[in-house]
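Subject: Handover of a structure and the findings from it

Dear colleague,

Please find the structure below, handed over for your use. The findings follow directly after it.

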Amino acid sequence: MKPDWLKVMVGKLPLPNDTLERCQLLEFADSHHVLGQVAAVWAPSVNGKTYDVLNNGLYRASFDHGMLRFEMGRIERAFIGSGIEPILLKGASYVAKGLKAGEGRRVSDIDILVSEEDLVEVERLLLAAGWAFDEATNNEYDQNYYRTYMHELPPLRHNLRRTVIDVHHRILPRTSRVGVNSAAFISGAIKLPGHNLKVLTEIDTFLHSAIHTFADGSLDTPARSFIELHYLFADIPVAEHQALLERAHIVGAEMPLAAALWGLKAYFSNEQAQDLLSDFKLGVNPIVCWAYMHKLENVSTAKLAKLLLYIRSHYLRMSLPRLTWHILTKSYKRLTQRPNLPLPPGFE
Amino acid sequence: MGMTDFKPLGEYDRRAIIDALAAGTLEMPLGHFTARIKAQVNTLVDFLYDTYRDVPVKTELSDVTDISIHLRAPSILRKYIRTQVIPDPGFQVPAVPLPTSMAALAFEMGVNLVVALKCCRFVSCHAGVVANEKGAIFMCANSGGGKSTLVSVLMEDGYRLLSDEFGLLCMESASLAAYPRPVSLKNVSIDIVRQLSGKEWISPELSGTPKGKIAYRRARPDDINKAHLSAPAKLILFPSFNPIGGHYARRLSVSEAVMRLIPSSTNYHLLGEKAYLALTKMVAGAEVYEIAYRSTDESLTIVRDLAVKVGL
Amino acid sequence: MRLDQLVVSLLNVRKSFSIAYDLKWIVLRGNMQNSNKQSELYKAHRRQLLRMGAAGMPMVLTLRASAAEALISQLQCVFVIPKKTKILVDDEGRAWVGTKKLGADGNNPKTKDIGSFKDKADYVFPAGSVPEDYRPDACAPNPCADDWLAKMEPAEIDSMFAHLTDNEGDYLAAEGFSGRSDDDDDDDDDDDGSHCVTNSHGHSVETDSNGHIVEDDSSGYASCGYKVYEVSNKTVKPGDFVSGSGSWNLSGDTGLYIALSLQYADSHGDAGGWPGISCIVSILNYLNP
Amino acid sequence: MAAGPFSSETLWVADVANYTINPHDDVFLIFHKLSGDTHILNFLSAGILEVLKNNGAANFQTIAEWVWAFLDLTVEECPLDLVEKTILQLDDVALVLPQNG
C-alpha cells in the first residue's frame, strides 16, 4: 500500500488517475475489507466501472448492516424481562449510532459488553435463545483459557442464522499489562434511543477503538482500524480534546491513545492529533510503530511485523510464563488441527 | 477509449499478450463484466489463444475491472489461482492447487468464483442459459446434472449462449444477462459435443483434473457480439440426468420453483429484497419444469417439446 | 432398506439441501394440487398436514441456503470408516482396501496374511494411486516382483470391481463392506503364484496353491515392499483436510484414506459403495463449482 | 425452541410492517425485510400471522381460538400444542414478537 492511500480512502486526496494504480487501490481496499468505506466516500462522485466496483462494497455493507439491525433485535428478544441492557461495541455501535465510521463498514460479528456479574445470566439466555459455542472453541482448553484469562466468552454462533456474538465482560483480558478500567467504560455507557441496548460516549468510543487497535489482539486489518480512528477522532469536538486526555487517564488508556494519535498524524497528517501528541507526556513505542507501518505498507516484511504484533499482543495480555505456555499450546493445536474453513459472504 | 480499442485476442501477437499478462494489464470484457488478468503461465497463453481467440481484449487497461485474476506460483512445484479480490472478511475464494498444465481450469474456476461471490449487480444462480430472439431457457442444476451438455446441444439447435456456469439475473429488468464463456464439458459429454459441434470448437482435453477429463466448448463470435443483449426467461428447467430411472417433465408451482432457485443462488441473501422481487418476477414470467432423462437425445426431445409449448 | 437407512443415504447424496427441502415440501403443501377450498379432499390434506406438524415436522421453512452456504456446509460432512478396514500399500503405489485378517507389526504387514488380504480386498487401486509419502521402500529386485495385477485379464479386474456397481451408496458401506455376496469373495482364485513378498532380509517368499504365502524367515513381517495402514472405525471429516486456500493437506492414516477416496471419485464419481464417497464428492464439487 | 423467554401469558404480535406475503395454492411465500430471509409457510403458520394481523396481540390460547375459527378447524384436528409450537417457530424467525419486546 502507498502511505497516502489511506487519505484517498477517507476523501482527503482524490482517487488515482492512473488506471492500474486505481485498480490496485480498490483491490487493496477490498482485501482489507474497507471497500464499502471507500465507496461511502467516492461512489456518489464517480461513474462507470469504478462505480460498479465500489457498488459491490456498498451491497456487502448494507447486507451487514441489515444483519446487524436484525441481530440487535434478536439480542433484545433474548434478554426480554431480564433487565439486562448490553453495551454495543465496535462496528455494531458505529452503525447503530449512525456514525461516519459506520458508513460502508463491514460488520462480520457483533461485540457486546456486559458487567461481569451479569455474565452467567447473559450466557444462559443466549444459549437458550439458540446461540452456541463454536466447535473450534468448544473444548476444555479453549473454554478454560477464555474464562480464566480472557475478557470475553468464546464466540457464540447462532445455530440457525450462523451469526456470531462476542460477549465481553471487560475491555481487556484479566491478564493484560495495560490496566484499563473496564468499570469506567460500563458505567459511562448511555442508552441507545428506542432500544434496550447501550452504547459508549464519543470519547469512550474513540478510546476503546484505540485500545482495541493497539493494546488488544494483533492488528489484522490495519487499514480499517486507522480509517476507523480517523472518523471517530473527527467526531470529538476540539473543545473536548482536553476531556479526551483526562478520560484516557481515568480509564488507563494513555498508551493506546498515544499510539492512535501517532497513527492519525502519520497516515492522515492530522494536526490536531499532532498537537495533542506533543502535549502528551507518554511516548509511543517505536517498534510498535514500525510493525504497524510495515504490516500496512510493506508486503515483504509484513509477516515479521505480524509475528511481532502477535507476540506483543499476547505479551500485553499475559505474564511471560503464561504467554510461553499459551503460545506453545496454540502452536501445538495448530499443528494437530486443521484451521476451520471460512464462512461465505454474510455468514461470518 | 471504448470498444474501438478492443480487437480479438487471436489477432494479437503472442509477445504482446504475454507482456500484458505479466504486467497485469490484459483487459477482457466478459458480458457485462470486465476482467484484468495477470499471469506468468504459458499454458494459460495457449488456452487463451485457443479458447478465447474471438474475445475482444486490450493489452492496456481502459478502466478498472470487475474481476481481477492473478495466476501465480505459491511454490516452485505448483501454480494455483488466487483472485486479488476477497469477497468477504476471512473468506478466501477457494482454489485447488493445480499443475501448470491445468492453468486453464484454474483460470475458469477463478473467474466463475469471483463472478459468483463478488459481483453484486446480478442475482447469480447455478444455471446454464441459452436464448433465441423470443426468450431464454434457464437450466438450473449443480455440476453433474448434464447442464453443460444440454447448453452445448441447444447451441447447435439455434440458440445463442448466454451462460454456462452461472445464470445472471438483472435485478432491475428481471431479465437474464449474457455472460458468454467457454462451456465446460466433462468426460463423456466431451465426445458428444465434439461430434455435434465439430472438433474445431473444442479445446484440448485436460485429463486427471479433480473433475476427471475436461474440455471447453468455445463461445461463438455471435454469442460474444450479442453479449450486450439480455433475454427474459420463458422456460425454467431443473434437469437431472437419470440413466437408470425414467424420463419425465413435471410442472412446478411458483412457490416450489422459488424454493428450488434460492438455494441455487450464490448471492441471493446478499442482495436482499431486490433479489427476491427479481426472482419471483422471473418465475412469474416463465413456465417451470423438473425434467429427467436417460440420454442426451432424450433431453433434447423433452426440451424441444417444452420450448414449443411456451412459444420459443 | 430400513427407513433410517433410507434417510441416511438420502442425506448423503450430493444435493442434500434440495432433498431435505423435498421432504419438508410434502409437509408444507400436503399433496394438494389446486383443489377446491370446500372439497373434502382439500380438508383431508389439511388435516394430514396438521398431523405431520403435530408429529414434529416444521410449519415454517426458511430458504436460507445460498449456494455459497451449501458449498460450505458440504465441507462439514463426516463419515466413519467401517470396522476392521485396513489399507495395504505396495512400493509402486498400489493399494488394497479390505476388512479381512492382516496381522501387522506397526506398518509392517504379516507376510503370510498379505496374499489372502489382497485376494479378498474389497477395493483395489492400480499402481501410482498412493502418494509417495505413504509408500514403503521397495525391496531388492527379485524374479517374482512383477506386476500380477497388470498380468490379469481385464475380465478378472472387472470382476474385482464388480461390487462397485452394487448401487447402494453409503448404506452399503455403513455395514462395513458386508454388502458383498460370498460368491465374489474369491474373485481372483487362479493365483499364478506371483504374489511375492520379501521379508526384512530380502529373501523372497512363494505363495502356495491357495495363494497363501509361505515365508522362509522368522520375523514374519514385511519391512519392505508393503505397508499396512489401520483405519478401522476412524471418524473422518474431510473438510478438515482442506486448507483455507482450498488445497488438500493430507496427513496421517485417514489422509491416505482420503487420497484413495479422491482417486475413487475420479473414476467412479459418487457411485458404488466406497465409504464416505458422497461426502468426498460433495467437497470436490465445492472446490470446483 | 424459542428466540427468548416467554410464558403462556406472553402476548404475541405479527411483525406486519416488515414482511410481504404472497399466497400460491395453499403455500405462502414470505420475504422478511429485517432478516432478509425468505420463508415458506403453510396454511397454519400463515393463518396465525393473518389472525394476529387482523386482531392484534394475544396469548397462545386466544390465538388458537382465532385460528380454529379462521381456518374452520376443531381442537382435535389442530391441538393447542401445535399452535404453540408453530407460534414459537414464527418467533424463531422473528415473524412474530412478544409485544413488550
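A disulfide is counted here as a pair of cysteine sulfur atoms within 2.5 Å. In general terms, a disulfide is a covalent bond between the sulfur atoms of two cysteines.

Before the findings, two remarks on conventions. This is a predicted model, in which local features need pLDDT of at least 70 and side-chain atom pairs count only at pLDDT 80 or more, while totals for chains, interfaces and linings use all residues. Residues are numbered from 1 along each chain as its sequence is written, chains are lettered from A and ligands numbered from 1 in the order in which they are written, and side-chain values use heavy atoms, with hydrogens and water left out.

Cysteines

How many disulfides does a search of the whole structure find over all chains? The search finds one. It is formed by Cys139(C) and Cys224(C), whose sulfur atoms are 2.0 Å apart. The link of Cys139(C) and Cys224(C) is right-handed, with 110° about the S-S bond. Cys139(C) lies in the loop between strand E7 (123-125) and helix H6 (148-151) of chain C, and Cys224(C) in the loop between strand E10 (213-214) and strand E11 (226-230) of chain C, so the pair ties together parts that are 85 residues apart in sequence. Helices (H or I, at least four residues) and strands (E, at least two) are DSSP runs, numbered from the N terminus.

For accessibility, buried means under 20% relative accessible area, exposed over 50%, and partly exposed in between (1.4 Å probe, protein chains only). Cys139(C) counts as buried at 17% relative accessibility, and Cys224(C) counts as buried at 10%.

Cys125(B), by contrast, is in no disulfide; the nearest cysteine sulfur belongs to Cys140(B) and is 6.0 Å away. Cys125(B) is buried, at 2% relative accessibility.

Salt bridges

A salt bridge is a side-chain nitrogen of Lys or Arg within 4 Å of a carboxyl oxygen of Asp or Glu. Over all chains, the search of the whole structure finds 43 salt bridges.

One of them joins the side chains of Asp64(A) and Arg106(A), at 2.4 Å from N to O. This pair links distant parts of the chain, 42 residues apart: Asp64(A) is in helix H4 (residues 48-78) of chain A, and Arg106(A) is in the loop between helix H5 (90-97) and strand E2 (110-113) of chain A. Asp64(A) is buried at 2% relative accessibility, and Arg106(A) is buried at 7%.

Another joins the side chains of Lys97(A) and Glu202(A), at 3.9 Å from N to O. Lys97(A) lies in helix H5 of chain A and Glu202(A) in helix H9 (residues 202-214) of chain A, so the pair ties together parts that are 105 residues apart in sequence. Lys97(A) is partly exposed, with a relative accessible area of 22%, and Glu202(A) is partly exposed at 35%.

In chain B, Glu290(B) forms a salt bridge with Arg260(B), with the closest N and O atoms 2.2 Å apart. Glu290(B) is in strand E17 (residues 287-293) and Arg260(B) in helix H7 (residues 254-264) of chain B, 30 residues apart. Both Glu290(B) and Arg260(B) are buried. Elsewhere, Lys49(A), Asp52(A), Asp66(B) and Arg121(B) are joined into one network by salt bridges that share partners.

The interface of chains D and B

Contact means heavy atoms within 4.5 Å. By this rule, 12 residues of chain D are in contact with 12 residues of chain B. Buried area is the accessible area (1.4 Å probe) that two parts lose on being put together, summed over both. Chain D and chain B bury about 920 Å² between them, 66% of it on carbon and sulfur atoms. In chain D, Leu29(D), Phe31(D) and Thr38(D) lose the most area to chain B, together 45% of what that side buries.

The count between chain D and chain B is one salt bridge, in which the side chains of Glu273(B) and Lys33(D) meet at 3.8 Å, N to O.

Yours sincerely
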